[in-house]
Amino acid sequence: MATQARTLDQSNIVMRFCQLAVNTEVERSGLAVPAGLTQFTCQCFLRHLDLGRSLNAAQVNCKQEAVRRYRL
């Protein structure tokens with residue numbers, strides 16, 4: 001039970017940092033953050049990490065998926 005709670009806490013922390021990073025990057029580009037973009041991108045990122053991919057690979061792949069999906 002403690003391991004599950006720790007894993008959930010870790011996922012929540014990663015999700016918050018991801019959300020902040022995505023929103024900051026989009027806002028710095030001068031665009032409004034499209035509805036759903038942050039959630040989509042960060043869920044993708046966590047999924048890739050759960051599959052054992054590196055942070056960089058997860059970031060690059062999910063950013064590309066978000067750009068295609070939201071036509072940025």
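The link between Cys-18 and Cys-42 is left-handed, with -95° about the S-S bond. It counts as a disulfide (a pair of cysteine sulfur atoms within 2.5 Å), as the sulfur atoms of Cys-18 and Cys-42 sit 2.2 Å apart. Cys-18 lies in helix H1 (residues 2–28) and Cys-42 in helix H2 (residues 37–50), so this pair ties together parts that are 24 residues apart in sequence. Helices here are DSSP runs of H or I with at least four residues, numbered from the N terminus. Both ends are tucked away: Cys-18 is buried at a relative accessible area of 10%, and Cys-42 is buried at 1%. Buried means under 20% relative accessible area, taken with a 1.4 Å probe and protein chains only.

The model is a predicted one, where local features need pLDDT of at least 70 and side-chain atom pairs count only at pLDDT 80 or more, while totals for chains, interfaces and linings use all residues. Residues are numbered from 1 along each chain as its sequence is written, and side-chain values use heavy atoms, with hydrogens and water left out.

Cys-44 is joined to Cys-62 by a disulfide as well, with 2.1 Å from S to S. The link of Cys-44 and Cys-62 is left-handed, at -85° about the S-S bond. Distant parts of the chain are linked by this pair, with Cys-44 in helix H2 and Cys-62 in helix H3 (residues 55–70), 18 residues apart. Cys-44 is buried, its relative accessible area being 0%, and Cys-62 is buried too, at 1%.

That brings the count to 2 disulfides. With bonded cysteines counted along the chain, the pattern reads 1-2, 3-4.

Terms used. Helix = DSSP H or I, 4+ residues; strand = E, 2+ residues; numbered from the N terminus. Buried < 20%, exposed > 50% of the residue type's maximum accessible area, 1.4 Å probe, protein only.
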